Amino acid sequence: MVKMVTQLRSFFERHGFYVSSRLGDKLGMRARSVRLFFIYLSFATFGAGFAFYLILAFLLRFKDMVYTKRTSVFDL
């Protein structure tokens, strides 16, 4: 049981914090401040902040899949 919780935690640390650092870069803030904002928001709204966080993660990943930077016209 403990091993499963540790694996789940490490998965979210590897893949979930990327959203915070990317959003912090866009806003000119530290990623730690963005993470704290989402934590406080999730406590204040009983999970709606975490849902917003997941939606934002999905949209950022979707944007990266759609808008890929191509170096030349022959990369199509």
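**Aromatic residues and their surroundings**

Analyst: Phenylalanine 37 is partly exposed, with a relative accessible area of 48%. Buried stands for under 20% relative accessible area, exposed for over 50%, and partly exposed for what lies in between, using a 1.4 Å probe and protein chains only.

User: What sort of model is this, and how are residues numbered?

Analyst: The model is predicted: local features need pLDDT of at least 70 and side-chain atom pairs count only at pLDDT 80 or more, while totals for chains, interfaces and linings use all residues. Numbering starts from 1 along each chain as its sequence is written, and side-chain values use heavy atoms, leaving out hydrogens and water.

User: Back to aromatics. How many aromatic pairs are there?

Analyst: Five aromatic pairs are found in a search of the whole structure. In one of them, phenylalanine 37 and phenylalanine 38 have ring centres 5.7 Å apart and planes at 65 degrees, so the pair is edge-to-face. Rings of Phe, Tyr and Trp (its six-membered ring) pair if their centres lie within 6.5 Å; planes under 30 degrees apart are stacked, those over 60 are edge-to-face, and the rest are tilted.

User: What about phenylalanine 38, buried or exposed? And which other ring does phenylalanine 38 pair with?

Analyst: Phenylalanine 38 counts as buried, at 7% relative accessibility. Phenylalanine 38 also forms an edge-to-face pair with tyrosine 53, at 5.0 Å centre to centre and 75 degrees between the planes. Because phenylalanine 38 lies in helix H2 and tyrosine 53 in helix H3, this pair ties together parts that are 15 residues apart in sequence. Tyrosine 53 is buried, as is phenylalanine 38. One aromatic cluster consists of Phe37, Phe38, Phe52 and Tyr53.

User: You mention helices. How many helices and strands does the chain have?

Analyst: The protein chain has three helices and zero strands, giving the pattern α-α-α along the sequence. These are DSSP runs numbered from the N terminus: helices are H or I with at least four residues, and strands are E with at least two.

User: Which residues make up the largest nonpolar core?

Analyst: The largest nonpolar core has six residues: Val19, Val34, Phe38, Tyr53, Leu56 and Leu60. Helix H2 (31–45) and H3 each give two or more residues to this core, and H3 contributes the most, with three. Such a core is a set of buried Ala, Val, Leu, Ile, Met, Phe, Trp, Tyr and Cys residues joined through side-chain atoms within 4.5 Å.

User: Which residues does valine 19 touch?

Analyst: Not counting residues up to four places away in sequence, valine 19 touches Tyr53, Leu56, Ala57 and Leu60. Contact here means heavy atoms within 4.5 Å.

User: Now serine 20, please. Where does serine 20 lie, and is serine 20 buried or exposed?

Analyst: Serine 20 belongs to helix H1 (residues 2–27) and is buried, with a relative accessible area of 1%. Beyond residues up to four places away in sequence, serine 20 touches Ala31, Val34, Arg35 and Tyr53.

User: And arginine 22, buried or exposed?

Analyst: Arginine 22, also found in helix H1, is buried, with a relative accessible area of 17%. Aside from neighbours within four places in sequence, arginine 22 is in contact with Leu60, Lys63 and Asp64.

User: What is leucine 23 in contact with?

Analyst: Leaving aside neighbours within four places in sequence, leucine 23 is in contact with Val34, Phe38 and Leu56. Leucine 23 is in helix H1 and counts as partly exposed, at 21% relative accessibility.

User: Which residues make the nonpolar surface patch?

Analyst: Ile55, Phe58, Leu59, Phe62, Met65, Val66 and Tyr67 make a nonpolar patch of about 810 Å². Patches consist of residues with over 30% relative accessible area and no salt bridge, joining like charges within 9 Å and nonpolar side chains (Val, Leu, Ile, Met, Phe, Trp, Tyr) within 5 Å. A salt bridge is a side-chain nitrogen of Lys or Arg within 4 Å of a carboxyl oxygen of Asp or Glu. Phenylalanine 58 is in helix H3 (residues 48–66) and counts as exposed, at 56% relative accessibility.

Methods:
Accessible areas come from the Shrake-Rupley method with a 1.4 Å probe; for residues, only the protein chains shown count as cover.
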